[in-house]
Amino acid sequence: MRRRSATQSLVRLLGQWQESPSSTPLWRQLTDALRLLILDGRLPLDTRLPGEREFASALGVSRTTIASALAQLRDEGYVQSRQGSGSTVRLAGENQRHTPRLTAAPTLNLSTAALAAGAEIHQAYSHALSMLPEYLATTGYDQHGLPVLREAIAQRYTARGLATHADEIMLVNGAVSGLALILRYLTGPGDRVVVETPTYPLAISAIEGASCRPVALPLPDRGWDTDGLAAIIAQTAPRLAYLMPDFQNPTGQCMDHATRQTVADLSARTCTTLVVDETMVDLWYNAPPPPPLAAFNRAAPIISVGSTGKSFWGGLRLGWIRASSQTIAALIQTRDTLDLGSPLLEQLATCWLLENESTLLPARRHQLKARRDMCASLMQEYFPQWKFRMPEGGLSFWVELPEMMATRFAARAEGSGVHIGVGTRFGLAGSGERNLRLPFTLDDETLRRAFTTLQPIWATLAGQSGGNKMRKII
């Protein structure tokens, strides 16, 4: 069944797409903005778009503008239209009848905050293959996960200050899969789930995919608003809250000891379950983060989610859930409706990576810190009007633009072969129009090439918006 894109929701997703004044025709500006939503995944495949008349009225433009934008997207292969059925989203394919738009250069992806695999990943899989024969006599189905790997992860938590046993760990197919499983177990349609804003886009997708209603907890420039969290819990009675205290994605902030204590005590006092995403916990640059949030109040209903994706390699597609043994047992039963366990080879590879993490992770942190510093220098050189703070860890900068122009800038960049993460992907109800998430995971040469492409685009937009009033704040 095709999903229908609510008109007002689509308008919010489009954000500040219009340039004024501009020599670019309005229909072309709309085309670029819609294409960006499709490529970002914010307009999923098979989504049916509003009718031309309804869409034009909502945007305050002519029906001709809508028709021209949709015609261009059809030519590029991003939209398919049928008489009487409207227009639906698709992705441009190799066998499309029309020639797709040409970009100035091969696409440079500045939207994904992740590293390519290093030589250690090949070593890990080689070791895993050597260990595999002793497991081939089993069925390979195990919804709990390999005992040896669960024990290794439990020891990691214990070393970080949260005493943990292997039966309090289960393996899942990545952190998002873990969150989806927790949502299936704890929530029902219409339940409220508190999320930081900005936050990880796929977490929002998982929450909405579970038919829950995300409730925004805005993040201040520094730290967390614990009074705001307490007020939201009191006013909305959420089923759970999703937090990222360890180098929050996308801001890079790290929750301090005092705030963790306050949040954990609030969870215990209100019986509000916290799902704590720890996928960035290993990526610190100056000092490791405080102990896990669950260590600050053992009576608090806190479920932790971890992953190998950022610490080692996203292609492993392996994560874990840390919770009470009773909760883990219930999650294993719930898992029957999703899958039958995690791949054995990846679990064995992860065992080797964890055994060698004391050698592997410092080198990874050193590489990322150097790229962070280089990216900051390049932003100062190419985009002195941008405002940002040096992240304490993680993989990206959260950039604040002088004006609400993120969508326009990203749409122009896409046309020049550079894909960047618009701030509205990380917020609710269209928030984040003044922000970009800029990963520093690319090598220096590639990043400079991308910035060289983006700088004239930015200069043109800034000039149209009165760039002489902008100031540099670092």
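**Close-up views of a predicted model**

**View 1. P250 sits in the loop that runs between β7 (240-243) and α10 (257-270).** The peptide bond joining N249 and P250 is cis, with omega about 25 degrees. A cis peptide bond also leads from T197 to P198, and here omega is near 5 degrees. P198 belongs to the loop between β5 (192-197) and α8 (201-209). Helices (H or I, at least four residues) and strands (E, at least two) are DSSP runs, numbered from the N terminus. The model is predicted, and local features need pLDDT of at least 70, side-chain atom pairs count only at pLDDT 80 or more, while totals for chains, interfaces and linings use all residues. Residues are numbered from 1 along each chain as its sequence is written, and side-chain values use heavy atoms, with hydrogens and water left out.

**View 2. S211 and R317 have positive phi values although neither is a glycine.** Phi of S211 is near 65 degrees, and this residue is placed in the loop between α8 and β6 (213-218). R317, with phi of about 50 degrees, is placed in the loop between β9 and β10 (319-322). S211 has a relative accessible area of 42% and is therefore partly exposed. The value for R317 is 44%, so R317 is partly exposed as well. On this scale, buried means under 20% relative accessible area, exposed over 50%, and partly exposed in between (1.4 Å probe, protein chains only).

**View 3. The largest nonpolar core has 47 residues.** A nonpolar core is a set of buried Ala, Val, Leu, Ile, Met, Phe, Trp, Tyr and Cys residues joined through side-chain atoms within 4.5 Å. The residues with the most contacts inside this core are L149, I153, L274, L293, I302, F312 and L353. Helix α12 (residues 344-355) gives the most to this core, namely seven residues. A second, separate core has 42 residues, including L378, F397, F440 and L461. In soluble globular proteins, nonpolar side chains tend to be buried together. Leaving aside residues up to four places away in sequence, L293 touches P245, M255, R260, V263, A264, L274, V276 and I302. Contact means heavy atoms within 4.5 Å.

**View 4. Helix α11 (residues 325-334) has buried residues that other elements cover.** The buried residues of α11 are T327, I328, A330, L331, I332 and T334. Their cover includes β4 (169-172), α7 (175-186), β9 and β10.

**View 5. T407 lies in helix α14 (residues 406-415).** T407 counts as buried because its relative accessible area is 3%. With residues up to four places away in sequence not counted, T407 touches L14, G15, Q16, W17, A33, L36, V422, T424 and E433.

**View 6. C254 is buried, whereas C271 is exposed.** The relative accessibility of C254 is 16%, so C254 counts as buried. C271, at 63%, counts as exposed. The structure holds zero disulfides, a disulfide being a pair of cysteine sulfur atoms within 2.5 Å. For C271, the nearest cysteine sulfur is that of C212, 19 Å away.

**View 7. The largest cavity holds about 80 Å³ of space.** On a 1 Å grid over the protein atoms alone, a cavity is a set of points where a 1.4 Å probe fits but cannot get out; a pocket is an open set with protein on both sides within 12 Å along at least five of seven lines; lining residues have an atom within 4 Å of a point. Grid points are joined across faces, edges and corners, and a volume is the space filled by probe spheres set on the points. A search of the whole structure finds four cavities of 30 Å³ or more. Among the residues that line the largest cavity are I153, R156, Y157, E278, D282 and W320. Three lining residues come from α6, the largest share.

**View 8. The largest pocket has about 1,400 Å³ of space.** Of its 45 lining residues, G41, P201, L202, I204 and S205 lie nearest its centre. The largest share of this lining, six residues, comes from α8. The second largest pocket has a volume of about 660 Å³. Its lining has 33 residues, of which D221, T251, Q253, R389 and W398 lie nearest the centre. Strand β11 (residues 396-400) supplies the largest share of that lining, four residues.
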